Amino acid sequence: HSQIRRMAQYKLYYFDGFKGRAELARFVFAQADVQYEDIRLSREQWAEVKPSSPWKVMPFLEVDGERIGGSSVIGRFLAERFGLGGEGDIERAKIAAAGDAVNDLASNVIQKIYEEKDEAKKEEIKKEILEKKLPSILGSFEEKIINNGTPEGWLYTKKVTWADFSIVLVLDWLDLTLPGALKDYPGIAKLRDSVNNLPNIKKWIAARPKTQF
């Protein structure tokens, strides 16, 4: 059954020049050692593909001709197919909730900074985020990592899950946006090191196209 899932035809569609929201799926594919077609479209190519895409946004995934949209949904779907999504519905729901928290961090914290054009206002937003929002969000991750008690720093369960990947990927954005924001969170730092040193992930990071975002 799992072998059939591995042999399915997978195509991942996203913009050329970005890791972005498709990188979670790429990490899952890499860790599971599953072959897929990594399709990176120019803006012009996307204009042609967009009408036939599931939700008119990227990334989207094609599995044996069926198309699925939504970056977190794709990541979770693949992770659960390949044994990186936890065991049982309660565990899977907890992992998915962590994924939602990461999305909140990306859209309600990091994106706000990028979208603000006024430099003075941008600095105010950064100050508020560093003092009020980040301690709550990152503190929750840190607490769960410590309570889970694995030497690798996994968030839930005794092995890596897609939620760990999700956290590490958003931390790359956070480092670019708010340098030094992670210095008070040794558990998160440990998790990040553990993910980046997984042999299959390390291999992917070395081989992937070099892009800033």
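Modeller: Happy to, and we will begin with the pockets and then turn to the elements around them. Please keep in mind that this is a predicted model.

Let us start with the largest pocket, which has a volume of about 720 Å³. Its lining is made up of 28 residues, and the ones nearest its centre are Tyr14, Gly20, Arg21, Ala106 and Trp173. Sorted by class, this lining holds 14 nonpolar, eight polar and six charged residues.

Which elements supply at least two residues each to this lining? They are the strand β1 (10-15) and the helices α2 (23-32), α4 (71-81), α5 (88-115) and α7 (162-177). The largest share comes from α5, with seven residues.

Take α5 to begin with. This helix packs with α6 (residues 119-148) at an angle of about 170°, and the two axes are 10 Å apart. Angles over 145 degrees count as roughly antiparallel, so α5 and α6 are roughly antiparallel. On the α5 side, the residues that meet α6 include Ala98, Ala101, Val102 and Leu105. On the α6 side, Ile125, Ile129, Leu134 and Phe141 are among those in the contact. By class, the contact of α5 with α6 has 13 nonpolar, one polar and four charged residues.

Next comes β1, which belongs to an open sheet of four strands in the order β2-β1-β3-β4, with mixed pairing. At the edges are β2 (37-41) and β4 (66-69), each of which pairs on one side only. On average, neighbouring strands of this sheet are turned by 20° against each other, if direction is ignored. The strands β1 and β3 (residues 60-63) run antiparallel and are joined by four bridges.

Now for α7. It packs with α8 (residues 186-196) at an angle of about 110°, with the axes 10 Å apart. Since angles from 65 to 115 degrees count as roughly perpendicular, α7 and α8 are therefore roughly perpendicular to each other. From α7, the contact includes Phe165, Ile167, Val168 and Leu171, while α8 brings Ile188, Leu191 and Val195 among others. In this contact of α7 with α8 there are seven nonpolar, one polar and four charged residues.

Finally, have a look at the second largest pocket, with a volume of about 280 Å³. What lines the second largest pocket? Its lining consists of Phe29, Ala30, Asp33, Val34, Gln35, Tyr36, Asn200, Lys203, Trp204 and Ala207. Six of these lining residues are nonpolar, two are polar and two are charged. The helices α2 and α9 (199-207) each supply at least two residues here, and α9 gives the most, with four.

Terms used. Residues numbered from 1 in each chain as written. Predicted model: local features only at pLDDT ≥ 70, side-chain atom pairs only at ≥ 80, totals over all residues. Heavy atoms only, no water. 1 Å grid on protein atoms, 1.4 Å probe; cavity = no way out; pocket = protein on both sides within 12 Å on 5 of 7 lines; lining within 4 Å. Points joined across faces, edges and corners; volume = space filled by probe spheres on them. Nonpolar A, V, L, I, M, F, W, Y, C, P; charged D, E, K, R; others polar. Axes fitted to C-alpha atoms, helices over the stretch in contact; angles between N-to-C directions. Parallel < 35°, antiparallel > 145°, perpendicular 65-115°, else oblique. Contact = heavy atoms within 4.5 Å. Pairing = 2+ DSSP bridges.
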